[in-house]
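Q: I have a protein model open and would like to learn how to read it. Could you walk me through a few features?

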Amino acid sequence: MSAAPPTPPAAAPAPVTEPEAEAEAGFSLFDDPEDYYPPSPPPTTQQYTTTTGIPIALHLVGHSPLEAHHLWNGSRVVASHFESHPDLVKDRTVLELGAGAGLPSLVAGALGARKVVVTDFPDPDLVENMRRNVRECTLLDEKEERVVADGYVWGTPAEKILAHIQRPGHAEEKFDVLVLADLLFRHTEHDHLLDSIEMTMKVAEKSKAFVVFTSYRPWLQHKDLKFFDLARDRGFVVEKVLEKKMDRPLFENDPGDEEVRKTVTGWSVTWPKEYVEGRMEWPTKGE
């Protein structure tokens with residue numbers, strides 16, 4: 001995510017043009033020049049290579065105000081972490097929030113997750129792009145439908161997402177594993193992300209939300225980390241589980257401490273043991 005550019009100086013007042021002069025010049029004040037809007041960048045493809053040397057081609061939308069046109073370092077690190085610890089996802093249910101290309105979900109499915117639901121904002125292009133990545137992933141058997149893609153807005157009711165993992169004859173189920181890769185830069189959404197964790201993560205000892213991120217804007221790192229303070233305030237247990245230094249920053253020309261911009265950290269968010277064992281009530285939000 002490129003840093004926001006400095007605030008430009010105030011523009012000089014536009015010269016006043018009389019309507020008659022506009023007509024004589026052959027244009028109207030309300031007509032946009034033909035080249036006023038730059039063309040949208042085309043879709044791109046990036047590659048992730050598994051630890052066994054198998055390439056995964058990942059389609060990315062051409063541009064997205066939600067930053068889904070990048071393959072974030074956090075998603076690469078989560079995918080690699082799952083490959084190193086396949087028991088984290090094997091035979092388990094996985095939900096990815098704000099997935100973009102959905103790399104961790106594809107890897108989780110390839111490692112034998114029972115069901116993976118990969119989600120992002122319900123924009124048709126984003127959802128179709130995720131579905132394309134699922135269809136074209138050579139590590140997945142399309143007939144198994146192990147990985148499905150759907151739209152979801154953080155913090156909203158999750159019944160539609162949970163429906164993907166319900167099985168006939170079983171009690172209502174929630175997800176064993178959640179993935180939140182490079183989402184914390186959206187500081188205003190921290191509470192909504194935590195709402196989604198509360199609604200979708202199974203209350204069980206081994207249930208875990210993996211929150212992996214880089215502070216791409218080092219001067220705002222304290223705001224990124226505020227997410228974990230909010231999680232603890234709600235009653236969750238937070239633990240740092242990994243740190244990886246990338247060879248170079250994702251956005252090499254951005255300002256700020258380069259070492260911070262190269263560093264990916266991973267954290268687990270889990271239910272407290274007392275709550276899992278029924279020895280405490282989950283605090284109501286805001287208490």
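A: Gladly! Let us begin with pairing: two strands pair if DSSP finds at least two bridges between them. Helices (H or I, at least four residues) and strands (E, at least two) are DSSP runs, numbered from the N terminus. What you see is a predicted model, where local features need pLDDT of at least 70, side-chain atom pairs count only at pLDDT 80 or more, and totals for chains, interfaces and linings use all residues. Residues are numbered from 1 along each chain as its sequence is written, and side-chain values use heavy atoms, leaving out hydrogens and water.

Q: Which residue of β7 does A181 stand opposite?

A: A181 faces V212 in β7. Strand β7 (residues 208-213) runs parallel to β6, and five bridges join them. To get from β6 to β7, the chain passes through helix α6 (residues 190-200), a β-α-β crossover that is right-handed. That word means that, with the strands pointing away from the viewer, the path from the first strand over the helix to the second runs clockwise.

Q: Which strand pairs with β6 over four bridges?

A: That is β3 (residues 93-97), also in the parallel sense. Here L97 has L180 of β6 as its bridge partner.

Q: How many residues of β6 are buried?

A: Buried means under 20% relative accessible area, exposed over 50%, and partly exposed in between (1.4 Å probe, protein chains only). In β6 (residues 177-181), five of the five residues are buried, so the strand is largely enclosed by the rest of the structure. In a regular strand the side chains alternate between the two faces of the sheet. In β6, V177, V179 and A181 are buried on one side, and L178 and L180 on the other, so to speak covering both faces.

Q: Which residues does UniProt list for "binding site"?

A: An unreviewed UniProt entry lists W72, G98, A99, G100, D120, W154 and A181. Its positions are given in the numbering used here, feature names are shortened, and annotations may be inferred rather than shown by experiment.

Q: Where is A99, and is A99 buried or exposed?

A: A99 sits in the loop between β3 and α3 (103-110), and is buried at 10% relative accessible area. Contact means heavy atoms within 4.5 Å; beyond neighbours within four places in sequence, A99 touches V118, T119, D120 and M130.

Q: What about D120?

A: D120 belongs to strand β4 (residues 115-120) and is buried, with 8% relative accessibility. A polar atom of the D120 side chain lies 2.7 Å from the backbone nitrogen of G100.

Definitions and conventions. A polar contact is a pair of N or O atoms within 3.5 Å; within protein, one must be able to donate a hydrogen and the other to accept it, and residues adjacent in sequence count only if both atoms are side-chain atoms.
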